[in-house]
Amino acid sequence: MSSIAENIAEIRRRMARAAQAAGRDVSQIQLVGASKMNDAAACRAAIAAGIDALGENRVQELLGKYEEGAYEGAPLHFIGHLQRNKVRQVVGKVSLIHSVSSLPLLEEIEKEAGKRGIVQDILLEVNVGNEESKSGFAPSEVFAAAERARELNHVALRGLMTIPPAASAPGENLPYFQEVARLYIDIGEKLYDNKLSYLSMGMSDDFEDAIAAGATLVRVGSAIFGRRNYFV
Ligand SMILES: *Cc1c(COP(=O)(O)O)cnc(C)c1O
């Protein structure tokens, strides 16, 4: 077994334990491999090991690996900061954009999906810690953004995504995850007839807390692919 396959198996075991502890069914939680800075071979190994989807966060890197066939056999998601001038390159190529962080970006995706005659599935990103350094809607803005998304014909809002502030201790992010879970439930009840499916939160260091709070998509990178080398 490749180390990627072993890592995925171990993450699956931890997901199952976290789900059980929360009284949840692990089959309702998908594992998205955050494959940035990992090559096409690593992506293929993750797909062979049964990853539910791969998520990229840089458009250039996604396009290059796409050309190499890195994602064949698994859904591809976009999880990173998306600039409006790159929307064209992503819409229709990915099954889910996790990181819709502003109304102008939402409108741009609508426009591009409209041109192509498709409906693009999206999540709204919540800047739950109200951090300057992060994009996303403030918790107080996300309901209105969901109302706007509901009016559009070429985007389908499927849920919310968040990246909480960097934690200095285990468990520290649980209240942030719970806050976003409350927003997700509220928006689902009031605007979407309880039909939202995706609450995307939790990474290598905190996916168990995210599962405890109700995550249905966890985005795991380094715990699957190994530590990223930012200097190559
Ligand atoms: C890289 C990345 C992850 C995964 O981070 P790890 O800590 O390596 O698990 C998750 N979400 C987003 C948006 C990322 O860019």
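This is a predicted model: local features need pLDDT of at least 70, side-chain atom pairs count only at pLDDT 80 or more; totals for chains, interfaces and linings use all residues.
**Entry 1: helices α5 and α6.** I began with helix α5, which covers residues 103-116, and helix α6, which covers residues 142-151, and I found that they pack at an angle of about 15 degrees with their axes 11 Å apart. That angle makes α5 roughly parallel to α6, because angles under 35 degrees count as roughly parallel. I also noted that the crossing of α5 and α6 is right-handed.

Next I looked up which residues make this contact, and I found L103, L106 and E107 on the α5 side, meeting A145, R148 and A149 on the α6 side. Sorted by kind, the residues of this contact are 4 nonpolar and 2 charged, with no polar ones.

**Entry 2: helix α3.** I then turned to helix α3, residues 59-67, where I wrote down V59, E61, L62, L63 and K65 as buried. What covers these buried residues? I found that the cover includes helices α2 (40-48) and α4 (87-90), together with strands β2 (53-56) and β3 (76-78). After α3 comes G69, and I noted that its phi is positive, near 75 degrees.

**Entry 3: residue I185.** Is I185 buried, partly exposed or exposed? Its relative accessibility is 46%, so I185 counts as partly exposed, since that class lies between under 20% for buried and over 50% for exposed. I also checked I185 against G159, and the two are 26 residues apart in sequence, while their C-alpha atoms are 9.3 Å apart in space.

Methods:
Residues are numbered from 1 along each chain as its sequence is written. Side-chain values use heavy atoms; hydrogens and water are left out. Axes are lines fitted to C-alpha atoms, for helices over the stretch in contact, and angles run from 0 to 180 degrees between N-to-C directions. Helices (H or I, at least four residues) and strands (E, at least two) are DSSP runs, numbered from the N terminus. Angles under 35 degrees count as roughly parallel, over 145 as roughly antiparallel, 65 to 115 as roughly perpendicular and the rest as oblique. A crossing is left-handed if the near helix is turned anticlockwise from the far one by less than a right angle, and right-handed if clockwise. Contact means heavy atoms within 4.5 Å. Ala, Val, Leu, Ile, Met, Phe, Trp, Tyr, Cys and Pro count as nonpolar, Asp, Glu, Lys and Arg as charged, and the others, Gly among them, as polar. Buried means under 20% relative accessible area, exposed over 50%, partly exposed in between (1.4 Å probe, protein chains only).
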